[in-house]
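Visitor: I have just opened this structure and would like to learn how to read it. Could you walk me through some of its features?

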Amino acid sequence: MGILGLSKLIADVAPEAIKERELKHYFGRKIAIDASMCLYQFLIAVRSEGAQLTTVDGETTSHLMGTFYRTIRMVEQGIKPVYVFDGKPPNLKSGELAKRAERRDEAQKLLQAAEEDGNVEAIDKFNRRLVKVTKTHADEAKELLQLMGIPYIDAPCEAEAQCAALVKAGKVFATATEDMDALTFGCNVLLRRLTFSEARKLPVQEIHFDKVLAGLELNHNEFIDLCIMLGCDYTNSIKGVGPKRAIELIKNHRSLEKIIENLDVKKYPIPEDWNYKDARLLFQEPEVSNPDDIQLKWSEPDEEGLVKFLCGDKQFNEERVRNGAKKLHKARNTSTQGRLDSFFKVLPNSTPTPKRKAEEKKLPAKKAKAAGNSKFRGKAK
């Protein structure tokens, strides 16, 4: 779910925190990608005649198709992706997971009714609502990434938290996900639409956390409390408090404790046994692997391994798979030079401009000519 209404709130109150970029802008950048979010997108988007792609035995392959081709597109743009997979969900997330299960049960009932009515549009809509990323999907994606030479990380808990830790440690430039809670975990730079920007003809949306805080006039802990009020995966929110009211409350009182002390609970009832402190702690001190212990290595693709894995039962076209492997190989060997700004730090007034260099070369000649003229004028006198 992420954080309800946060993206619109930032766009309205702190628009300077958001930039729109073309995919090529990220040439040479290492980017941590929320793998589960990507797989979910692929399972929904990569379809044929309204249904997911499958093997001869009916096994889904949409997630593999999406991962293979869209990763190649990113690598061709000089991006160095690292996929981060979810670990075990935190205990506080059990309530949200239960709600999702209820919604899927309801969607299943509505799907049956739509099938009985022959409503094709409704059938497609409810099929999409039933999409769920399974362990099998994740394991197959990991095997594919390994064959492609793309690194991946198994997070101990939430992938967005691990991605944020990698960014803060300087291991990668940004986190690519659609879930705004990457910011709540303190991710310096969040990229939205990265994995599908070209497919949908949309620019990548780049959000800078420091500018979010400056625009909202909050510190990180106050921002976390704001996100809890907006609605997160770990606890309920205060009934009746929307984004506008939430930002007013946090600016006036600066913490959930002070808000609770001053809130009209008849108008805005607080959830019973509200565990906002535990939710806050999950954002402040998430369970992540130490980024210093993580080694990221991009390697050569295994062309024969890819053909063996994707072709045959999975019915990928062998020629296209081999072409994809060659694109990975070519991109790896042509984009090894990183961005210049990662090697050099320009200091103000320390680097001569071309014009200044030219003037400095002419200076000795000018001095000699001036000295000669002076000597000549002396003799003339």
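This is a predicted model: local features need pLDDT of at least 70, side-chain atom pairs count only at pLDDT 80 or more; totals for chains, interfaces and linings use all residues.

Visitor: Which ring pairs with that of F283, and how are the planes set?

Guide: Rings of Phe, Tyr and Trp (its six-membered ring) pair if their centres lie within 6.5 Å; planes under 30 degrees apart count as stacked, over 60 as edge-to-face and the rest as tilted. By this rule there are seven aromatic pairs. In one of them, the ring centres of F68 and Y69 are 4.9 Å apart and the planes stand at 75°, so this pair is edge-to-face. F68 is buried, with a relative accessible area of 0%, while Y69, at 23%, is partly exposed. F283 pairs with F185: their ring centres are 5.0 Å apart and their planes are at 55°, so the pair is tilted. This pair links distant parts of the chain, 98 residues apart, with F185 in the loop between α8 and β8 and F283 in helix α13 (residues 276-284). Helices here (H or I, at least four residues) and strands (E, at least two) are DSSP runs, numbered from the N terminus. F185 is buried too, at a relative accessible area of 3%. Together with Y234, F185 and F283 form one aromatic cluster.

Visitor: What is the strand order in the sheet?

Guide: Strands of a sheet pair through backbone hydrogen bonds, either parallel or antiparallel. In this model, an open sheet of seven strands runs in the order β1-β9-β8-β7-β2-β5-β6, with mixed pairing; two strands pair if DSSP finds at least two bridges between them. The edge strands, each pairing on one side only, are β1 (18-21) and β6 (152-154). From one strand to the next, the twist averages 25°.

Visitor: Which strands pair with β2?

Guide: β2 pairs in the parallel sense with β5 over five bridges and with β7 over three bridges. You can find I33 on both sides: its bridge partner in β5 is Y83, and its partner in β7 is A176. β2 is mostly covered, with four of its five residues buried. For the antiparallel sense, look at β1 and strand β9 (residues 204-208), which pair over four bridges. There, E20 stands opposite Q205 in β9.

Visitor: Which helix lies across β2?

Guide: That is helix α7 (residues 159-168), which lies across β2 (30-34), β5 (80-85), β6, β7 (174-176) and β8 (189-192), running at about 170° to β2. Axes are lines fitted to C-alpha atoms, for helices over the stretch in contact, and angles run from 0 to 180 degrees between N-to-C directions. Nine of the ten residues of α7 are buried, among them E160, Q162 and C163. What covers these buried residues includes β2, β5, β6, β7, α8 (181-184) and β8. Just after α7, G170 takes a positive phi of about 80°. Another helix, α9 (residues 209-216), lies across β1 and β9, at about 65° to β9.

Visitor: How do helices α6 and α14 cross?

Guide: Two packed helices are described by the angle between their axes and the distance between the axes. The axes of α6 (residues 135-148) and α14 (residues 303-310) come within 8 Å and cross at roughly 155°. Contact means heavy atoms within 4.5 Å, and it is made by E140, E143, L144, L147 and M148 of α6 with G305, L306, F309 and L310 of α14.

Visitor: Where does I150 lie, and which residues does I150 touch?

Guide: I150 lies in the loop between α6 and β6 and is buried, at 6% relative accessibility. Not counting residues up to four places away in sequence, I150 touches T71, V75, P81, Y83, L145 and W298.

Key. Residues are numbered from 1 along each chain as its sequence is written. Side-chain values use heavy atoms; hydrogens and water are left out. Buried means under 20% relative accessible area, exposed over 50%, partly exposed in between (1.4 Å probe, protein chains only).
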